[in-house]
Amino acid sequence: MEYIIFDLEWNNAYNYKLNKGINEIVEIGAVRLNENLEIVDTFKQLIKPRLSRKLTSRFKNLTHITMDELKDNGIGFNEAFSDFARWATGRDVVFLSWSTSDLYTLVDNFKFFKQLSIIPFMEKYADAQQYCMQFVQEDKGKQISLANCASCFNIDIDTSNLHRALEDCYVTAYCFKKVFDRERFEECIVNCDKAFFERLVFKPYYIRTINNNLFDIYAVKLSCPECSGSVKVLRDYAVENGAFKNAGQCKECKKKFWVFVRAKKTYDDIVIYKRLVSINKKRAKKIS
């Protein structure tokens, strides 16, 4: 097995065609590790922007990349990633990045510049951040920056060189090698099929219409927070502040409640959130 750790630098640009912002990739860096976790090759390329008319202050402060540098030394997106795909070929290769944000940005750029919804050369992927966090003693479950992770692992780095693609790849490689355990790492590897990329870019959203083909609000079962009895709704649902609202009454204890239901569509499922609030006696008498 070989490991390719990649990192991207991007500038926030405005896509007038889609009428929205896009993180346009302007640099890619990568290191290749052999089965013994030795760095055997590197890749680095600036990419000439097509959408960015200027670089944001935040981007320039982090990377120190200039527009003149991109124009003079950059190549087109398609050419850059064709070169990278050729460089990255190999048997049983796993791609890694520090968090999935780079991968998400890569897919977003492939959709715009290549009209592809997948990364053709990527068959296996693992989130290096997610893997390394298993070995961080403090703030378990909380995302950790690359620099902080290196500090936790007692790895000396020059922080002034961070936020350049190739340099970040080296630091990620050092962290990865420090805590490498083959069995634990293999549990983090995912196959990059079409469903993987669709799930990656899917944006969950709340359903806000009563008549929809995703779920039936009237089929949602409600339980009394007082006695756990079944609650029946007393009127038609209405949408209020993004939630489905109704009045309900427990069939057992006869108490009445305001019912609030939210339905969140994820890639795989619909997640239902329910909240029942007691109605005061004076108001409850007016509701039937």
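A polar contact is a pair of N or O atoms within 3.5 Å; within protein, one must be able to donate a hydrogen and the other to accept it, and residues adjacent in sequence count only if both atoms are side-chain atoms. The model is predicted: local features need pLDDT of at least 70 and side-chain atom pairs pLDDT 80 or more, while totals for chains, interfaces and linings use all residues. Residues are numbered from 1 along each chain as its sequence is written, and side-chain values use heavy atoms, without hydrogens and water.

**Exercise 1.** Describe the surroundings of Asp 92.

*Solution.* 
- Step 1: Asp 92 is placed in the loop between α3 (77–88) and β4 (93–97); helices (H or I, at least four residues) and strands (E, at least two) are DSSP runs, numbered from the N terminus.
- Step 2: The relative accessibility of Asp 92 is 38%, so this residue counts as partly exposed; buried means under 20% relative accessible area, exposed over 50%, and partly exposed in between (1.4 Å probe, protein chains only).
- Step 3: Leaving aside residues up to four places away in sequence, Asp 92 touches Met 1, Glu 2 and Lys 124, where contact means heavy atoms within 4.5 Å.
- Step 4: With Lys 124, the contact is also polar, side chain to side chain, at 2.8 Å.

**Exercise 2.** Classify the ring pair of Tyr 125 and Phe 196.

*Solution.* 
- Step 1: Rings of Phe, Tyr and Trp (its six-membered ring) pair if their centres lie within 6.5 Å; planes under 30 degrees apart count as stacked, over 60 as edge-to-face and the rest as tilted.
- Step 2: The ring centres of Tyr 125 and Phe 196 are 6.2 Å apart and the planes stand at 40 degrees, so the pair is tilted.
- Step 3: The pair links distant parts of the chain, 71 residues apart: Tyr 125 belongs to strand β5 (residues 124–127) and Phe 196 to helix α9 (residues 194–201).
- Step 4: Tyr 125 is buried at 2% relative accessibility, and Phe 196 is buried at 15% relative accessible area.
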